[in-house]
Amino acid sequence: MAEEEGPTVELRQRKKLKSSENKESAKEEKISDTPIPEKAPKHVLFQRFAKIFIGCLAAVTSGMMYALYLSAYHERKFWFSNRQELEREITFQGDSAIYYSYYKDMLKAPSFERGVYELTHNNKTVSLKTINAVQQMSLYPELIASVLYQATGSNEIIEPVYFYIGIVFGLQGIYVTALFVTSWLMSGTWLAGMLTVAWFIINRVDTTRIEYSIPLRENWALPYFACQIAALTGYLKSNLNTYGERFCYLLMSASTYTFMMMWEYSHYLLFLQAISLFLLDSFSLEQSDKVHEVYKIYIFSLFLGYLLQFENSALLVSPLLSLVVALMLAKCLQLNVKKGTFIAKIMKVINFYLVCILTVTLNIIMKMFVPHKENGHMLKFLEVKFGLNMTKNFTMNWLLCQESLQAPSQDFFLRLTQSSLLPFYILVLIICFLSMMQVIFRRINGKSLKETITLEDGRIGGRPEIIYHVIHTILLGSLAMVIEGLKYLWTPYVCMLAAFGVCSPELWMTLFKWLRLRTVHPVLLALILSMAVPTIIGLSLWKEFFPRLMTELMELQEFYDPDTVELMTWIKRQAPVAAVFAGSPQLMGAIKLCTGWMVTSLPLYNDDDLLKRNENIYQIYSKRSAEDIYKILTSYKANYLIVEDAICNEVGTMRGCRVKDLLDIANGHVVCEEGDKLTYSKYGRFCHEVKINYSPYVNYFTRVYWNRSYFVYKINTVISFQS
């Protein structure tokens, strides 16, 4: 029988590759030859049902418990329920304050349509500037939250702020549940999901920023991306039935589009995923049709997003669209040749280079013909980041000094190692990667492989979903090693992949097959280790970290910032309604939220005009004359100036990264490189000099309020300029 089976398989392959007309007949022949599986006994069906039920219950419970944990921790950290509304709003810092302020504006609007119109034609936030806040800041979460709050009648039950943060915490619960399901799908046991959740919560300092900035776009978007990855994992499995495949496809379509609507940078993350799928398609021929169905989802989501995001040209010129179109064109040009031959190998290489060239060419052409706002500051930042260029520009150097945009610190790796996450992740990644490369080389050499992989085969790298996840985690990890802020995309992946590996009998079996273990039956030992290792890890994590988590929940903290509360109270009581305030972008975000007054700048870094405004306003901390500062402020129609003592007397940050140091470098008041000329400034630092109240500063600015942290100056309207 074995001798007869070989020629039959070879004959089927030739039929499939002969021409596109014979694909259907070959497929029907293959299906007809497949034996019909016998109906499983009742006790087997009951065991499967019980396993799925317990796993689903554990996944949902894990998500709910995590959401409740976040809510309890947030209450303890800020003593939220005992705060006045103003004190609660101050806890939203920086750009988070801007997002929540627009949620408040939507609730105050007489109707939803009027609220949307005011946001899309907003001229009450930034002076002398009308912006489409919905498009520029991706305010779709706030629109949805405001609709839900009013449509469900929650205004009679719960305060707006609790409803808002409750939705975000609920999404984080979905995030954890999706990671649970992904690990479960890959390993076959829900024990992997439990371990994923445990590692995620223990390492939450490196897995999420929900504790620091609740309204961040990533906190709204990443749960949908996690759902998309879970659906994609199930969709790529070889043994999935038709109904499961359809469900995964629909879930993947909905979550991909929602993810793209929630976050302006989502298409970059999907671009990395598309690269992973392209490499999977190159290495795993069996899943080619499924991968191209995912490409169709990308195209549909991009064009639908383009239409519903006010014709957002950034989606049309995105690298994701160029790559997907290039892949579709390359498939149309691909020739059918016999697998394993020299010509097939050459065609693979040609196809790879063709896709790369087409992607770059299409992207250049799209940027030539599609009007768009080029993110020039992002390209310049990357050039300086990787040492390809040098700059004295304040904005570029300020971005480089941000902790989230620097390389990860040693503490990051130490924390992951202390929780045992990093060592197991490296072990799992090495085994999966080597097994994947082994399978790829076999396919390149034309060796036939079994379509259905069993535990005894010890070939975990042959599963399409494993190949995809290995490539994706390597890409995300490579970026996280350069920019620390991207660790929040990579570390959850690390939790999921490490938990899947230690709980997967296939992984241990792959290792034992390489070691040629003969003393103990390898299958039995693999099954034992897949249960024993995660159990031991779970017990050790429980013993070491569970008391810490309970201590955090029991410890009552307090967010105490009386100076900011006093400042906001003074503005609301004393400043005219039409007043415009100038100061640091972070403080301006808080003023917009807490008072509703107009400001000169915002803590947003995706708009060149706002970046230029921020740099100009920051000149209040430079060595410039009173006349220069006055001209800058009045050019933006500012009425009040707020000087922050924490920035003016900043001492605690990295050397050369203080705001005043960066301004001195940009203005040429210090020597930063050999050969640079020192530009002497005859003026003292403005933020110091204006406090002394002597001429000419008193001619331009009148101090009207101050406390320990803030000094507020009214900008005089009638001035006779003197040199």
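Among the contacts in the protein chain that join residues at least 6 apart in sequence, 72% link residues at least 24 apart, a contact being a pair of heavy atoms within 4.5 Å. The model is a predicted one, in which local features need pLDDT of at least 70 and side-chain atom pairs count only at pLDDT 80 or more, while totals for chains, interfaces and linings use all residues. Residues are numbered from 1 along each chain as its sequence is written, and side-chain values use heavy atoms, with hydrogens and water left out.

The protein chain has 34 helices and 5 strands, these being DSSP runs numbered from the N terminus (helices H or I with at least four residues, strands E with at least two). Of its 723 residues, 49% count as buried, where buried means under 20% relative accessible area, exposed over 50% and partly exposed in between, with a 1.4 Å probe and protein chains only. The protein chain exposes about 35600 Å², of which carbon and sulfur atoms supply 62%; accessible areas come from the Shrake-Rupley method with a 1.4 Å probe, and for residues only the protein chains shown count as cover.

At the N-terminal end Thr-189 caps helix 10, with a side-chain oxygen 3.1 Å from the backbone nitrogen of Leu-191. The buried residues of helix 10 include Leu-195, Val-197, Trp-199 and Phe-200, and the helix's buried residues pack against helix 3 (42-78), helix 9 (160-187), helix 11 (204-207), helix 22 (421-444), helix 24 (487-502) and helix 26 (522-554).

Helix 22 also takes part in a surface feature, for it supplies 4 residues, the largest share, to a nonpolar patch. This patch of about 490 Å² is made by Ile-426, Ile-430, Phe-433, Leu-434, Ile-474 and Trp-514; patches consist of residues with over 30% relative accessible area and no salt bridge, like charges being joined within 9 Å and nonpolar side chains (Val, Leu, Ile, Met, Phe, Trp, Tyr) within 5 Å. Ile-430 is found in helix 22, and it counts as partly exposed because its relative accessibility is 44%.

The charged side chains give a further set of links. A search of the whole structure finds 26 salt bridges, each a side-chain nitrogen of Lys or Arg within 4 Å of a carboxyl oxygen of Asp or Glu. In one of them Glu-506 pairs with Arg-463, the closest N and O atoms being 2.9 Å apart. This pair links distant parts of the chain, 43 residues apart, with Glu-506 in helix 25 (residues 505-515) and Arg-463 in the loop between helix 22 and helix 23 (464-480). Glu-506 counts as buried at 19% relative accessibility, and Arg-463 is buried with a relative accessible area of 9%.

Another salt bridge brings together the side chains of Lys-691 and Asp-645 (2.8 Å, N to O). Lys-691 lies in the loop between helix 33 (686-689) and helix 34 (697-700) and Asp-645 in helix 31 (residues 645-648), so this pair ties together parts that are 46 residues apart in sequence. Here Lys-691 counts as buried at 19% relative accessibility, whereas Asp-645 is partly exposed at 23%. Finally, Asp-206, Arg-415, Glu-484 and Lys-487 are linked in a network of salt bridges.

Conventions. A polar contact is a pair of N or O atoms within 3.5 Å; within protein, one must be able to donate a hydrogen and the other to accept it, and residues adjacent in sequence count only if both atoms are side-chain atoms.
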